[in-house]
Amino acid sequence: QEYTAVKMEVLEWGPEVSSEVKQAVGGKKVWMVAATLRPETMYGQTNCFVGPNLKYGLFESAHNELFLITERAARNMAFQGIFEGESGRVAKVADVVGSELLGTKVSPPFGVAKEVYVLPMEGVLATKGTGVVTSVPSDSPDDYRTLMDLRKKAEMYKIKPEWAAIDPIPVLKTPKYGDMAAEFLCIELKIQSQRDKEKLTEAKDLTYKEGFYNGVMVIGDFKGEPVADAKPKVRQQMIDAGLATPYAEPESEVISRSA
Ligand code: ZZB
């Protein structure tokens with residue numbers, strides 16, 4: 001599985017981040033790195049998701065720079081030459097739990113919204129991508145439903161309502177689902193919660209297919225172009241800007257996760 005790893009710079013730590021973590025970071029630049037299969041939708045990022053119970057680490061990625069990802073992703077990246085220095089070398093400077101990161105402010109690359117917050121998502125898998133998920137509620141049913149759950153029960157999820165305040169941003173349009181495919185399908189399939197896994201999987205498949213084959217960009221440098229053409233172009237622009245890098249998931253793990 002070839003992902004695009006997108007780099008979201010940490011602008012301000014949330015209220016629960018410990019002084020130990022801040023001290024370990026010192027003056028270094030920290031990137032929360034999210035793995036995506038939809039680089040062309042990055043204009044529409046409205047927040048960043050972490051698993052509240054997942055363990056993350058801060059890993060040296062380059063001189064004076066750190067990646068905030070799972071340890072598993074750090075090991076994979078070290079072997080893929082994504083980190084500067086000796087191949088396979090992983091240097092962790094601090095541990096951090098997802099729940100500590102809530103309310104951290106990050107900068108989503110190519111996003112229309114310039115500052116977005118880290119929020120909790122229940123279904124984030126430790127075994128996939130980087131454990132950090134960037135949220136595009138216009139085109140990802142999981143992201144849309146989770147954002148709506150969080151807005152309904154902010155207190156229960158231990159977030160401030162203003163962290164979940166950015167509305168979905170249209171990125172592409174299709175004949176079947178308009179320019180808010182995720183919302184359309186969540187309503188159509190009566191998806192009530194982020195835990196409604198079966199229906200969300202169905203909605204995701206429908207969104208992927210319709211967007212890729214019949215979608216046209218409504219924003220960005222490739223506005224008016226088919227999604228399938230824009231996808232590799234947006235990806236390349238992000239890589240050229242130093243805001244993304246190709247990231248592959250090891251074959252054996254991909255098989256075990258889909259099995
Ligand atoms: C932004 C985005 C925008 C995504 C979209 C999807 C969509 P798949 O197909 O099941 O492999 N993701 C990445 N890592 C994780 C994780 N650890 N746990 C849970 N979800 C994760 O799904 C790949 C997508 O799953 C990735 O692409 C990421 O969300 C999420 F408009 O990034 B995506 C119709 C989907 N639309």
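## Overall dimensions

For 259 residues, a compact globule would have a radius of gyration near 18 Å. The protein chain in this predicted model has 17 Å, which agrees. Along its principal axes, the C-alpha trace spans about 50 × 40 × 35 Å.

The protein chain holds seven helices and twelve strands. Of its 259 residues, 46% count as buried. Take the contacts between residues at least 6 apart in sequence: 74% of them join residues at least 24 apart.

## Around the ligand

The ligand is surrounded by 19 residues. The closest are Thr-36, Gly-129, Asp-139, Ser-140 and Thr-207. H5 gives the most, with three residues.

By class, the shell has seven nonpolar, eight polar and four charged residues.

Two packed helices are described by the angle between their axes and the distance between the axes. For H3 and H4, the angle is about 75 degrees and the axes are 8 Å apart. Angles of 65 to 115 degrees count as roughly perpendicular, so H3 is roughly perpendicular to H4. On the H3 side, the contact uses Pro-141, Asp-143, Tyr-144 and Arg-145. On the H4 side, Ala-182, Glu-183, Leu-185 and Cys-186 meet them. The residues of this contact divide into five nonpolar, no polar and three charged.

H3 also packs on H5, at an angle of about 130 degrees and with the axes 8 Å apart. That angle makes H3 oblique to H5. Here Pro-141, Asp-142 and Arg-145 of H3 meet Leu-200, Ala-203, Lys-204 and Thr-207 of H5. The contact has three nonpolar, one polar and three charged residues. Pro-141 and Arg-145 take part in the contact with H4 and in the contact with H5. Thr-207, in the contact with H3, is also among the closest residues to the ligand.

Helix H4 covers residues 181-188. Ala-181, Ala-182, Phe-184, Leu-185 and Cys-186 are buried there. The buried residues of H4 pack against helix H3 (141-152) and H5. Lys-190 follows H4, and its phi is positive, near 55 degrees.

Helix H2 covers residues 71-79. Its residues Ala-73, Ala-74, Asn-76, Met-77 and Ala-78 are buried. The buried residues of H2 pack against strands: S4 (55-62), S5 (65-69) and S12 (244-248). Just after H2, Gly-81 takes a positive phi of about 70 degrees.

## Glu-16 in its loop

Glu-16 is found in the loop between strand S1 (2-12) and helix H1 (19-25). Is Glu-16 buried, exposed or partly exposed? Around Glu-16, 15 other C-beta atoms lie within 10 Å. A residue is buried at 20 or more and exposed at 12 or fewer, so Glu-16 is partly exposed.

Which residues does Glu-16 contact, leaving aside its neighbours within four places in sequence? They are Ser-99, Glu-100 and Leu-102. Gly-103 is 87 residues from Glu-16 in sequence, yet the two are 8.3 Å apart in space, C-alpha to C-alpha.

How values were computed:
Residues numbered from 1 in each chain as written. Predicted model: local features only at pLDDT ≥ 70, side-chain atom pairs only at ≥ 80, totals over all residues. Near = placed C-beta within 6 Å. Helix = DSSP H or I, 4+ residues; strand = E, 2+ residues; numbered from the N terminus. Nonpolar A, V, L, I, M, F, W, Y, C, P; charged D, E, K, R; others polar. Contact = placed C-beta atoms within 7 Å. Rg over C-alpha atoms; globule rule 2.2 N^0.38 Å. Axes fitted to C-alpha atoms, helices over the stretch in contact; angles between N-to-C directions. Parallel < 35°, antiparallel > 145°, perpendicular 65-115°, else oblique.
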